[in-house]
Structures are given as C-alpha cells and as structure tokens.
Amino acid sequence: MAGLFEPLELRAGVVARNRIWLAPLTNMQSHADGTLSDDELRFLSRRAAGGFGLVETCAAHVKQDGKAWPGELGVHDDAMLPGLTRLAKAIHQDGALLSAQLFHGGLRADPAVSGLECWGPSAHRDERSQCRAATEEDIRSTIDAFANAARRCDQAGFDGVELHGAHGYVLSQFLSTVYNQRDDAWGGSLENRSRLLRETLAAVRRAVPSRVLAVRISPEDYGQAKGLDLDENLEVARMLADAGMDVLHLSLWRASLNTLKHPQEHAVTLFRRALPSRVKIVVAGAIWTREDAEAQLARGADAVALGRGAIANFDWPQRIHRGEDIHLAPVSEDVLRQGGASPGFVGYLRGWKNFVAP
C-alpha cells in the first residue's frame, strides 16, 4: 500500500505531491456571471497552501443552460479565462495540481438562475421542477461545450479536468433507467445510455490530449443519483478506461461502507479489479481522519478526496503529517472563516445538519 504522502503520477509527467485531494465543493462564491471571485480564489488557494496535492474546483457549468445554482463557477465562455488563469497560477504557486470539474445540470439546472429552459434525457416533472426532453441539437452542442470548456481550462494552465458524471446531473441522468426513457440512440440499452458520457469523454480527450482526464461517478443509487446499477457502472468504467480515462473518481458519500448490491464487497475493490492499473482511483465520502484515508488506500484506492474534512481543515494534510488534531464537526464559524470561507459560504454551510456550531 502506498502512503498518503507518496507522490502520485496521474499521467506521464503529471505528478501530485501526495495522495490527498480537495474534493469538488459547491461553495456559491463565484460572481453572478460565473467569473471567479476573490472569495473563491482565497478558499481554494488556502487548500493548496495547506498541503493538498490536487485541488478541484466546484462543479463548473459548461453551458449557460446547465447552470444549477447561484454563485456557480463558469467555464462556458472565454470571458472566464482571466479568472481561471489567475486561479491556476495561485494553486501552482503553492505546489498543488489543479483540476476543473466540468458540469451540466440537465434536468437539475435552474431556469431561475440560468435564465434558460432546462432539459433532461426525457421530459420530467416533480414537485420541484419540470423540464423538456433533450433534442439531438441539445445533446451534440453539450458534447461540444464540454470539449470547449476543457480547452479553456487547458489554455488557463489547469493540469486536468473531471467530467461530473455523478449525483444525478446530466451525464448521470442519461445513464439512469429512471430519468432516461428514450428509445433512440441515447436511451434503452447500456451502450446507448452510456453514449453521452462516452462521446463526451472522447471529445474532451481530443480537445486536451495531454491533460489528466478524470470522470466522477456515483456507483449505485443514492440521493439524486437514481436508476444506477453497480454492475452496469463497472462495465461503464471499463468502457471509459478503454476510451482514455486517466482517473476514476468514486463518490461514495460514506466510504467506510460496502456496496448495497454486493454487501460483501467494497466499491473500491470492485472497481480496482475491473480497471487496468494505469487508471487511478480516487475515492470520496466522509473521510475525516488519517485512519479513514488509509483504509481506502488499503482497499486499492490511489488517492482520497476530502470534502467536509477539508472545509473544516484547510491544512488537513499538514496537520495529519505533523500528527496534530483536526477540527471535527460541528465546526465554529471562526474556524471556517480562518480557513477561507466567506460569510456567504458560511451561511450556505449552516444548511448542513450539525456541521456549523450554533
């Protein structure tokens, strides 16, 4: 088993200084037009200075009609380039790699935020929203938008990009047997339901052939990720590896637990057996302590991604390396502010049960 502080080569010539990542975190700190704010820059750069080997942006929309919440980072327009370039320079100055999580909300996009009609694989209506079915033009233009967003990140100096195929957003929606009821080339069989993700990955790989290309998935149903089958996703992961994926990012929510479909098996061990060794596996899901992180490496993960633990501890890697205590939830507002969280972000975090101290 590799140690947490051993370097990790993600692709030829691209090496993270350790195996501890900042997970992509919605922080609602970008400007209304999607450009990078000083608050968001401060939050992310604090994690680089705190010792994380790779810093991921929050989910960043590749098209205006895919925007899902206020304060979301944009990678959808060349007007974003100055901020993205500034971010890459700051993260690299503190020794970390930088990856952008490329994202489209699909039926979970918010017309009140984007100003545009939302769409998904099929028409959908629930108590919160409704959307129309995607046209062929919607699908093709979205594939192009992911590729163009990757080019912008490349131009800005990012080390890699990640396709957000988890949590019930558009790439996950097309995989879903619940959300995808199409009977054309984009629905029905697993080959068809995975087509959007596979073609998006291929287009991004063509656009940025030398950058690290990751895909984040929800291995099976949880929360908004509905209609997903573990065994199908193992097959999808194999397809993506064959198509040029460098890193598979497993979003598990609680990484200490085994899978629902195969309770005797952990997702990391299943996907590690399914994939060639050149494909690295990073895992996220309630990883707080050094013991939590090392347990995932022991199962076969190459790296861990911290979410809440990294919000509470901007310098988690340095604290762990020195053997110091870490902040555990509930976390005081003072600690969050010292770690670079803006008042607006702290307000958002107060909506998380038992995370911010009263």
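Visitor: How far is the sulfur of C153 from the closest cysteine sulfur?
Guide: A disulfide is counted here when two cysteine sulfur atoms lie within 2.5 Å. For C153 the closest cysteine sulfur belongs to C58, and it is too far away for a bond, because the separation is 11 Å.

Visitor: What kind of model is this?
Guide: Residues are numbered from 1 along each chain as its sequence is written, and side-chain values use heavy atoms, with hydrogens and water left out. Local features need a pLDDT of at least 70 and side-chain atom pairs count only at pLDDT 80 or more, while totals for chains, interfaces and linings use all residues, since this is a predicted model.

Visitor: Is C153 buried or exposed?
Guide: A residue is called buried under 20% relative accessible area, exposed over 50% and partly exposed in between, as computed with a 1.4 Å probe on protein chains only. The relative accessibility of C153 is 0%, so C153 counts as buried.

Visitor: How far from C131 is the nearest cysteine sulfur?
Guide: By the disulfide rule, the count comes to 0. C131 accordingly takes part in no disulfide, and with a relative accessible area of 10% C131 is buried. The nearest cysteine sulfur to C131 is that of C118, at a distance of 4.6 Å.

Visitor: Which residues does the cis peptide bond join?
Guide: Most peptide bonds are trans, and most residues other than glycine have a negative phi. The cis bond here has an omega of about 0°, and P330, one of its two residues, lies in the loop between α12 (316-322) and α13 (333-338); helices are DSSP runs of H or I with at least four residues, strands are runs of E with at least two, and both are numbered from the N terminus. The bond joins A329 and P330.

Visitor: What is the phi of W253, a residue other than glycine?
Guide: W253 sits in the loop between β11 (247-251) and α9 (267-274), and it is partly exposed, with a relative accessible area of 41%. Although W253 is not a glycine, its phi is positive, near 70°.

Visitor: Where is A286 placed?
Guide: A286 is also a residue other than glycine with a positive phi, near 55°. At 49% relative accessibility, A286 counts as partly exposed. Its place is in the loop between β12 (280-284) and α10 (290-299).

Visitor: Which residues of α10 are exposed on the face turned away from its buried side?
Guide: In α10, the residues A293, Q296 and L297 are buried. They lie on the same side of α10, because they cover an arc of only 100° around the axis, taken from the directions from the helix axis to the C-beta atoms. The face turned away from that buried side carries the exposed residues E291 and A298.

Visitor: What is the volume of the largest pocket?
Guide: On a 1 Å grid over the protein atoms alone, a pocket is an open set of points with protein on both sides within 12 Å along at least five of seven lines, a cavity is a set where a 1.4 Å probe fits but cannot get out, and lining residues have an atom within 4 Å of a point. The largest pocket is lined by 43 residues, and T26, H167, Y169, W253 and Y348 lie nearest its centre. Its volume, the space filled by probe spheres set on grid points joined across faces, edges and corners, is about 1,200 Å³.

Visitor: Which element gives the most residues to the lining of the largest cavity?
Guide: A search of the whole structure finds 1 cavity of 30 Å³ or more, and the volume of the largest cavity is about 60 Å³. Its lining includes W21, D159 and V161. The elements that supply two or more residues to this lining are β4, β9 (160-165) and β10 (212-217), and the one that gives the most, with 3 residues, is β9.

Visitor: Which strands stand at the edges of the open sheet?
Guide: The sheet has 3 strands in the order β6-β8-β7, with mixed pairing, two strands being paired if DSSP finds at least two bridges between them. Each edge strand has a single partner, so one side of each is left without a neighbour in the sheet, and these strands are β6 (119-120) and β7 (124-125).
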